[in-house]
Amino acid sequence: MNRQELRAITALKWDWLRWARSSQLPPPEFVRGEKQTWLLLSGRGGGKTRASAELVRRWVNVEKFSRVNLIGPTHDDVRDIMVEGESGVLAVCPHAERPRYISSRRMLEWPSGAISLCFSADEPERLRGKQHEKFWGDEPASWRCPETLDQAYFGLRLGGRPQAVLSTTPKPTKLVKSLLADPTVIVTRGTSYENRANLAPAFLSKIITKYENTRLGRQELLAELLDDNPGALFLQATIDAARVDREPELVRIVGGIDPATTSGPDADDTGIVYAGRDNRKPPHFYVLDDLTCNGKPEVWARRAVVAYHRYQADRIVAETNQGGDMVEATIRNVDSECAYRGVHATKGKAIRAEPISALYDQGRVHHVGILPALEDEICDFVPGQSVSPNRMDALVWSITDLMGHGGYEHGLIEFWGQQAEAMKNKSAESEPGQSIVDLGRAQIEAMGQTGNAMFGVLKSKALPTSRVKDVNGRAHLPSVCPNPHCGKALAVYANHVQCVCGWDSRSEAAPQPEPVPAPETVKRPLSFQMERLLG
């Protein structure tokens, strides 16, 4: 092979137009300058990073723009993915065109003299006063501070054709929805399957096999923008409505941990979520950070302890069902002085999460910024259908502990109060002598728990009949028999409730037996909190 043939083969390697799929090339309207923003929506591993990096290369080396800046979710993401990643700017440029990355100044210096400044979306104020002819924003759906995009557009004022490319996996956030509705934005979609030939076998076996044919897989693999899951305990719309940019002064901060018992590529993640509580009555709760990771015990323990000191937290709470004393020993090995409490789960995940879901519905839980992985997991959790939710468990443990210090009593009493208030309408249909206290007591018996236990209400939305609604208008199955001649506690099954009189939630009609007297006593003692509510 002579030198000329070698040059031709080398040039072919860097010829992106020859190798790119049509979904990886900018649309003609964007190329002509008719659209200001190209929104590249693609599944995991779909090639959106490579397409964006190649466009940056073209802007600088072919079209000769001198200010093409980069914005990523964090500084680490900018460096590890956008600049030095396998499909980043350095990797897609031949030696003669490759820029020099100056990490201390967070910038790229191109051979042509062009400059690319690197910004973190966590620091929107750093974009004030900065100007660009073009910029690339990576994963804006995961930016904790959505106002970063506004600041970036304010600086998009150099040259005769200022433009931006935004590459992301779609998530149902306000930012993504606003971009899709913007007439100056043109959208290209791609899937993970389109890039299958360039993906590692390990990725195919772990990610695609895990999420294929699932609801979350439609988002992560097929790049579909999903609405709220009707059967989920948590709704994205509820989270968005209560979201805040900054937390207020907090009186208590707790880190929750759902530890994995093994490590490795096929092991579960260790859920680590930090949350805080303000001094309002009833209190509001603020989810500060999701530090969930996949690693050995010493890795997640150090991660949790570093956050414990960074947030000046009051306690670490960890589930001990699997690890037992090993969990505390691992954390103590990193920091023997940190406050720790182990908790043992005796109820199912759905029952533990119900009171926390009620707080979300009341608008009393606020996410500080965007926590994409956590929000995806909790909004996709359907009791009895979803895989083990590590992040959700950690979230539940942290907020439950916060409720136990000034907020627990208020939270449960308010939650029970809402259920009791909703049952007042049913009392008119019951026997004249049956009071709301009797209904409340029967509700406790139906759940088989004492009043200070976590209350679980079956949120089945697949059943068409015999619903009651709470004060927030949410549909639930009744806990006492709606038969006006009965009023007894109902037996709770996996997907329906049933009474000894023959009434069944799955049927439209109910038998009408002879009236029976209301129970005069209860079989289980009431807690102090329930006596305050019912007594």
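Colleague: Is Glu139 buried or exposed?
Modeller: This is a predicted model, in which local features need pLDDT of at least 70, side-chain atom pairs count only at pLDDT 80 or more, and totals for chains, interfaces and linings use all residues. Residues are numbered from 1 along each chain as its sequence is written, and side-chain values use heavy atoms, with hydrogens and water left out. Buried means under 20% relative accessible area, exposed over 50% and partly exposed in between, with a 1.4 Å probe and protein chains only. Because the relative accessibility of Glu139 is 19%, this residue counts as buried.

Colleague: Where is Glu139 found?
Modeller: Most residues other than glycine have a negative phi, yet Glu139, which is not a glycine, has a positive phi of about 50°. Helices (H or I, at least four residues) and strands (E, at least two) are DSSP runs, numbered from the N terminus. In those terms, Glu139 is found in the loop between strand E6 (134-138) and H7.

Colleague: What is the relative accessible area of Lys64?
Modeller: Lys64, in the loop between helix H4 (48-61) and E2, is not a glycine either, although its phi is positive at about 65°. Lys64 is exposed, and its relative accessible area is 57%.

Colleague: Which residue in E5 is the bridge partner of Leu70?
Modeller: Strand E2 (residues 68-72) and strand E5 (residues 115-120) run parallel and are joined by three bridges, where two strands pair if DSSP finds at least two bridges between them. Within E5, the bridge partner of Leu70 is Cys118.
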